[in-house]
Amino acid sequence: RVVRLLTPPLVTGFTLLVTNSSLLSTIALVELTMAGKLLAERSGAVYEVFAAVAAFYVLLTLLAGLVLRRTEFRMRLEH
């Protein structure tokens with residue numbers, strides 16, 4: 001019962017931690033940006049590569065949010 005009551009605040013806190021953590025954002029963006037930079041240097045398609053990097057980051061964040069919301073929804077149904 002306690003887990004069900006704590007799930008919504010934990011999900012919200014985890015989502016905020018992932019999206020707002022400067023350390024995690026810095027690490028993730030540096031890795032994505034570095035990979036994009038290397039690919040752009042090889043291919044010469046700078047705008048396309050960084051548009052793909054941005055789309056990947058947004059997709060990753062959206063998927064994490066959906067998984068967390070679904071977990072929260074399932075926990076509410078079990079209540």
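I began with burial: 16% of the 79 residues in the chain are buried, where buried means under 20% relative accessible area, exposed over 50%, and partly exposed in between (1.4 Å probe, protein chains only).

Ground rules next. I'm looking at a predicted model, where local features need pLDDT of at least 70, side-chain atom pairs count only at pLDDT 80 or more, and totals for chains, interfaces and linings use all residues. Residues are numbered from 1 along each chain as its sequence is written, and side-chain values use heavy atoms, with hydrogens and water left out.

I checked confidence (pLDDT, the predictor's own score for each residue, from 0 to 100). The chain's mean pLDDT is 78, and 80% of its residues reach 70 or more. Helix α1 (residues 2-20) has the lowest confidence, with a mean of 73, while helix α3 (residues 46-78) has the highest, at 83.

Then the layout. I found 3 helices and 0 strands, in the order α-α-α along the sequence. Helices (H or I, at least four residues) and strands (E, at least two) are DSSP runs, numbered from the N terminus.

I looked at contacts too (heavy atoms within 4.5 Å). Of those between residues at least 6 apart in sequence, 55% join residues at least 24 apart.

Last, the surface, using Shrake-Rupley areas with a 1.4 Å probe; for residues, only the protein chains shown count as cover. The chain's accessible surface is about 6,300 Å², and 72% of that belongs to carbon and sulfur atoms.

I also looked up leucine 59, which sits in helix α3. Leucine 59 counts as partly exposed because its relative accessibility is 48%.
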